[in-house]
Amino acid sequence: MVAKGDMVYAWTPDSGLLEKAECGGAVTALLKYALENKIVDAVLAIKKG
């Protein structure tokens with residue numbers, strides 16, 4: 001069971017995505033899943049620069 005204050009580590013199982021993503025690619029994988037399954041219409045990603 002997960003309790004308040006616990007830390008959870010996550011990463012993508014997609015090796016191609018893992019090479020390009022930062023910090024394990026978990027957020028990128030979740031957003032990709034949401035797009036592919038039409039859960040969302042679009043994703044806005046902002047890059048500092």
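Student: Where does K4 sit in the chain?
Tutor: In this predicted model, K4 belongs to the segment before helix 1.

Student: Is K4 buried or exposed?
Tutor: K4 counts as exposed, because its relative accessibility is 88% and the cut-off for exposed is over 50%.

Student: How far apart are K4 and A34?
Tutor: In sequence, K4 and A34 are 30 residues apart. In space, the distance from C-alpha to C-alpha is 26 Å.

Student: What about T12, where is that found?
Tutor: T12 is also placed in the segment before helix 1.

Student: And is T12 buried or exposed?
Tutor: T12 counts as buried, because its relative accessibility is 4% and buried means under 20%.

Student: Which residues is T12 in contact with, leaving aside its neighbours within four places in sequence?
Tutor: With those neighbours set aside, T12 touches L17, L18, G24, G25, A26 and A29.

Student: What lies 3.1 Å from a polar atom of the T12 side chain?
Tutor: That is the backbone nitrogen of D14.

Student: Switching to charges: how many salt bridges does a search of the whole structure find?
Tutor: The search finds 1 salt bridge. It is formed by D14 and K32, whose closest N and O atoms are 3.2 Å apart. This pair links distant parts of the chain, with D14 in the segment before helix 1 (15-20) and K32 in helix 2 (residues 26-36), 18 residues apart.

Student: How accessible is D14, and how accessible is K32?
Tutor: D14 has a relative accessible area of 29%, so D14 is partly exposed. K32 is partly exposed as well, with a relative accessible area of 34%.

Student: New topic: which residues make the nonpolar surface patch?
Tutor: The patch is made by V27, L31, Y33, L35, I39, V40 and V43, and its area is about 600 Å².

Student: Where is the place of Y33, one of those residues?
Tutor: Y33 is located in helix 2. Y33 is described as partly exposed because its relative accessible area is 49%.

Student: What does the C-alpha trace span?
Tutor: Along its principal axes, the trace spans about 30 × 25 × 25 Å.

Student: What percentage of the residues count as buried?
Tutor: Of the 49 residues, 14% count as buried.

Student: And what does the accessible surface come to?
Tutor: The total is about 4900 Å², and 60% of that surface belongs to carbon and sulfur atoms.

Conventions: Residues numbered from 1 in each chain as written. Predicted model: local features only at pLDDT ≥ 70, side-chain atom pairs only at ≥ 80, totals over all residues. Heavy atoms only, no water. Salt bridge = Lys/Arg side-chain N within 4 Å of Asp/Glu carboxyl O. Helix = DSSP H or I, 4+ residues; strand = E, 2+ residues; numbered from the N terminus. Buried < 20%, exposed > 50% of the residue type's maximum accessible area, 1.4 Å probe, protein only. Polar contact = N/O pair within 3.5 Å; in protein donor to acceptor, adjacent residues only side chain to side chain. Contact = heavy atoms within 4.5 Å. Patch = residues over 30% accessible without salt bridge, like charges linked within 9 Å, V, L, I, M, F, W, Y side chains within 5 Å. Areas by Shrake-Rupley, 256 points an atom, 1.4 Å probe, with all protein chains shown as cover.
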